[in-house]
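Here's a quick tour of one structure, with an eye on side-chain packing and strand pairing. Have a look at it first.

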Amino acid sequence: MPHSQSSAPRRRVGLARGASPWLLPTAATAAVSLLRARRSGRWAAVAVPATVLTAGMLWFFRDPERKITEGGVVSPADGVVQSVMPWKDGRTRVAIFMSPLNVHVNRAPLSGTVTSVEHVPGGFVPAFNKESENNERVVWHFDTEIGDVEVIQIAGAVARRIVPYVPRGCKVEQGERIGLIRFGSRVDVYLPEGVGSAVEVGETMTAGVTRLDRD
């Protein structure tokens, strides 16, 4: 008789690089307090919130494998399209808001060479605020088959650390992981002149999967 379960392979869900400084202390606190709670009820007051926080951290720093879309320009981030705006130089900016519930590992929108990775100091207003354009950010430039593609990782009110994964001069494949923003934040991608956007405000994006441009 045929097997009743699907033969499709399960996709692995790992933890994002750069999670350790946040996750390890929280998990250690939870483990110690749980052990001591068996002997003293006072430790339960620490064990319960520490365990919940650890579970939340594990969820937040998840890094699932993806079947990457081939061709076109793929979204660098999970989240919701906040704005689609024509730029003065002919490019189109697509801003994607990432809530704390989204996967926060960002990916390369196309294959190419990283020509610039620049850290720009700034503020920490909420990422959905227009003033977040002046927040702490990392500006990426990729030399691709359609020209220069700019991606900006913007820190939010809680996210105060952006962790780049690849250096300048590195060649990346489409959908390859390029960095992590901790907690709620925003990612902007600038489509080159002549490349039209295929997404609208309010649409949900999946990094490495959802196409941003038209055929």
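This is a predicted model: local features need pLDDT of at least 70, side-chain atom pairs count only at pLDDT 80 or more; totals for chains, interfaces and linings use all residues.

Residues count from 1 along each chain as its sequence is written, and side-chain values use heavy atoms, without hydrogens and water.

T92 sits in strand β4 (residues 92-98); strands are DSSP E runs of at least two residues, numbered from the N terminus. Beyond neighbours within four places in sequence, T92 has contacts (heavy atoms within 4.5 Å) with residues including V84, P86, Y190 and S197.

Rings of Phe, Tyr and Trp (its six-membered ring) pair if their centres lie within 6.5 Å; planes under 30 degrees apart are stacked, over 60 edge-to-face, the rest tilted.

| Pair | Centres | Planes | Type |
|---|---|---|---|
| W87 and Y190 | 5.4 Å | 80° | edge-to-face |
| W140 and F142 | 5.9 Å | 5° | stacked |

W87, in the loop between β3 (79-86) and β4, and Y190, in β12 (residues 185-191), are 103 residues apart. W87 is partly exposed at 29% relative accessibility, but Y190 is buried at 7%. W140 is buried at 0%, and F142 is buried at 0% too.

Methods. Helices (H or I, at least four residues) and strands (E, at least two) are DSSP runs, numbered from the N terminus. Buried means under 20% relative accessible area, exposed over 50%, partly exposed in between (1.4 Å probe, protein chains only).
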